[in-house]
Amino acid sequence: MIVSFENILTPDELAAMRRQLLAAEWARGISAGPQARQVKKNLQIPEQSAVLRELRTLVMRALNRSPDVMSALLPFKIIPPNFNRYTVEDSHYGKHIDSTLRPLPDGSYLRTDVSATLFLSDPEEYDGGELKIIDTFGEQTVKLAAGSLVTYPSGSLHEVTPVTRGERLGCYMFMQSLIRDTEKRRLLYEMDNSLRRLRAEQGEAQADLVALTGTYNNLVRMWSEC
Ligand code: NI
């Protein structure tokens, strides 16, 4: 399931983030495994960079305040977000599947269930630089407005096609979901979407809605791993 979320960042947050990103130091060829490194050609902010902490806090705050993101992904753990920059010289990231296990700052590991890209440049600012995701649903091409987020199963083959004009700033992150299975996660998301709409129409106290919301919660209880 590919899910997009519009305007995850406010215009002020986006502007502040872009200012910091444009002033940041960037480095080439870090953070990919040995196989992915063969196809990766972009720039990233190094881990020791002072600006990274502030940028990460901003992104995490934006995700946490979105009920839709929480409902679709049911995140258990999220890797501190990273930032990348694709230019005509450092233009692409060829086809790859994200590594399954990623170390967390506390020394434990996270299983990547969901990968996410937060777009930080508008589509008019660059040519190319499309995120292509290939999975059971076929090939999808994604190029969203700055401030919008796309999420997809980490097991999908994907690539960022070469940027041929301008530059593309982005933020990416990996999550371990409470619900490991993509199809179960999709069913819960669809059910919660309907429940949220019905509760808005009919009120929180409607007896059948209370019962169905209980069933939703019990499915999460039955399927969640943490
Ligand atoms: Ni990737």
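Biologist: Which spacing do the donors of the nickel ion follow along the chain?

Modeller: Donors are N, O and S atoms within 2.8 Å of the metal (3.2 Å for Na, K and Ca); water is not among the atoms, so sites may look incomplete. Here the spacing is H-x1-D-x59-H. The protein donors are His96 (NE2), Asp98 (OD) and His158 (NE2), 2.1 Å from the nickel ion. Asp98 sits in the loop between strand 7 (92-96) and strand 8 (101-103), and His158 in strand 15 (residues 157-160), so this pair ties together parts 60 residues apart in sequence.

This is a predicted model: local features need pLDDT of at least 70, side-chain atom pairs count only at pLDDT 80 or more, and totals for chains, interfaces and linings use all residues. Residues are numbered from 1 along each chain as its sequence is written; side-chain values use heavy atoms, leaving out hydrogens and water.

Biologist: In what order do the five strands of the open sheet run?

Modeller: Strands (E, at least two residues) and helices (H or I, at least four) are DSSP runs, numbered from the N terminus. Two strands pair if DSSP finds at least two bridges between them. The order is 3-7-15-12-13, with antiparallel pairing. Strand 3 (40-41) and strand 13 (138-142) are the edges, each pairing on one side only. Strand 12 (residues 131-135) joins strand 13 over five bridges.

Biologist: How are two packed helices described?

Modeller: By the angle between their axes and the distance between the axes. Axes are lines fitted to C-alpha atoms, for helices over the stretch in contact; angles run from 0 to 180 degrees between N-to-C directions. Helix 5 (residues 182-202) and helix 6 (residues 207-223) pack at about 160°, axes 10 Å apart.
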